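Try each task yourself before reading its solution.

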Amino acid sequence: MPVCAMSAAMCTPDNGSEVTEFILVGFPGPAGFHAGLLALFSLAYALTVTENALIVAVIRVSPALHKPMYVFLGHLSFLELWYVSVTEPKMLLGLAAPRFRRISFAGCMAQLYFFLALACTECALLGVMAYDRYVAICRPLRYPVVMSGRLCRLLAAGSWLSGFSVSLGKVFFISRLGYCGPNVMNHFFCDVSPLLNLACSDMSRAELVDFLLALLVLLGPLLLTVLSYGAIVSAVLRARSAAGRRKAFSTCAAHLAVVLVFYSASLFIYARPRAIYSFDFNKLVSVVYTVLTPLLNPIIYCLRNREVKDALRKAAGRAAWALGARS
């Protein structure tokens with residue numbers, strides 16, 4: 001079946017034509033601008049992969065970090081290794097050469113599924129991490145009993161399972177919409193809003209269903225996070241010593257910063273019944289949660305956590321000693 005041309009000529013439902021591939025616009029601009037973005041985003045991708053892989057390895061080999069808080073942090077870092085690898089390599093190839101901006105319909109749906117599945121899993125993990133902080137601060141004497149190894153494994157597995165299960169329904173719904181042209185997508189990866197914008201089905205119903213699904217996916221973990229932090233704030237304010245309050249807030253500061261950045265961008269993009277900003281502005285916001293947030297999350301967690309920094313120093317010392325002994 002024919003594909004709509006690069007010029008975005010319309011294919012009508014009447015002639016039986018359907019879109020079999022999409023063309024990602026990416027970031028319009030001259031070659032020099034693309035070269036600069038390619039260098040910048042390549043550096044960001046390399047740093048993100050290195051940072052998160054390092055955290056996963058350090059948590060795995062450091063007995064001092066075999067605690068629920070760091071177990072979930074390890075899952076989050078492992079997730080973000082794959083999260084950035086779903087979108088950024090294709091974006092980098094598109095910046096390198098225009099021919100790589102094409103993506104098949106099946107490839108687009110696969111990219112959308114894994115992106116949404118990992119994003120939904122991150123929502124669940126952030127909610128679980130907030131609950132972990134609630135138990136640690138509000139129920140410190142029962143923390144070892146409540147946050148047992150078995151419960152931690154169940155919560156982590158449940159986060160992954162729920163993320164990948166919920167996304168199946170959303171991607172199935174989007175893939176069943178009619179795409180009769182144009183096939184030029186004003187984005188740098190296959191995302192929900194650009195695909196809905198290209199569908200030739202009844203968009204009022206499609207946007208409503210997508211809006212309700214986004215609320216369902218985002219608001220469950222967000223509600224758990226808000227309730228957990230509400231209880232934490234209440235408990236901290238009742239603490240008698242200022243030092244105790246500072247210590248309690250410092251244990252939550254890194255996680256709270258990550259939650260605010262992640263949910264601000266996600267709610268802006270996905271939990272609106274209709275687009276109220278241009279797609280160019282949406283792309284800018286998308287860069288925040290696909291490039292900047294995964295890059296900054298390991299830095300935020302490590303800079304404010306003495307145990308992680310100590311484990312990193314010890315791991316670096318062991319690695320240096322092993323290299324020296326081998327040489």
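**Exercise 1. The disulfide**

How many disulfides does a search of the whole structure find? Locate what turns up, then work out its handedness and its surroundings.

Solution. Keep in mind that this is a predicted model.
- Step 1: the search of the whole structure returns one disulfide.
- Step 2: the bond joins Cys-108 to Cys-190, with an S to S distance of 2.1 Å.
- Step 3: the torsion about the S-S bond of Cys-108 and Cys-190 is about -125 degrees, so this disulfide is left-handed.
- Step 4: Cys-108 sits in helix H3, while Cys-190 belongs to the loop between strand S3 (184-185) and H6; the pair links distant parts of the chain, 82 residues apart.
- Step 5: check the burial of the pair. Cys-108 and Cys-190 are both buried.

**Exercise 2. Two other cysteines**

Decide for Cys-138 and Cys-152: buried or exposed?

Solution. The cut-off to apply is that buried means under 20% relative accessible area.
- Step 1: Cys-138 has a relative accessibility of 16%, so Cys-138 counts as buried.
- Step 2: Cys-152 has a relative accessible area of 6%, and is therefore buried.

**Exercise 3. The nonpolar cores**

Find the largest nonpolar core and describe what builds it.

Solution. 
- Step 1: this core has 47 residues, and those with the most contacts inside it are Phe-22, Phe-41, Tyr-179 and Leu-195.
- Step 2: ask which elements give two or more residues to the core. They are strand S1 (21-24) and helices H1 (31-61), H2 (68-96), H3 (105-138), H5 (149-175), H6 (192-198) and H9 (279-303).
- Step 3: H3 gives the most, with ten residues.
- Step 4: turn to the second, separate core, which has 39 residues, including Ile-55, Tyr-134, Ile-137 and Tyr-143.

**Exercise 4. The sheet**

In what order do the three strands of the open sheet lie?

Solution. 
- Step 1: the order is S2-S1-S3, and the pairing is mixed.
- Step 2: strand S2 (102-104) and S3 stand at the edges with a single partner strand each, so one side of each is left without a neighbour in the sheet.
- Step 3: S1 and S2 run antiparallel and are joined by three bridges.
- Step 4: as a landmark, find Glu-21, which stands opposite Ser-104 in S2.

**Exercise 5. Record against model**

Compare two of the transmembrane regions listed by UniProt with the modelled chain.

Solution. 
- Step 1: the unreviewed UniProt entry lists several such regions, including 32-57 and 112-131.
- Step 2: residues 32-57 are 100% helix and 0% strand, with end C-alpha atoms 38 Å apart.
- Step 3: residues 112-131 are likewise 100% helix and 0% strand, and their end C-alpha atoms lie 29 Å apart.

**Exercise 6. Where to be careful**

Over which residues does pLDDT stay under 50?

Solution. 
- Step 1: pLDDT stays under 50 over residues 1-16, for which the model has 30 contacts beyond four places in sequence.
- Step 2: where pLDDT is low, predicted coordinates should not be read in detail.

Note on methods
Residues numbered from 1 in each chain as written. Predicted model: local features only at pLDDT ≥ 70, side-chain atom pairs only at ≥ 80, totals over all residues. Heavy atoms only, no water. Core = buried A, V, L, I, M, F, W, Y, C linked by side-chain atoms within 4.5 Å. Buried < 20%, exposed > 50% of the residue type's maximum accessible area, 1.4 Å probe, protein only. Helix = DSSP H or I, 4+ residues; strand = E, 2+ residues; numbered from the N terminus. pLDDT = per-residue confidence, 0-100. Contact = heavy atoms within 4.5 Å. Disulfide = S-S within 2.5 Å. UniProt positions renumbered as here; feature names shortened; annotations may be inferred. Pairing = 2+ DSSP bridges.
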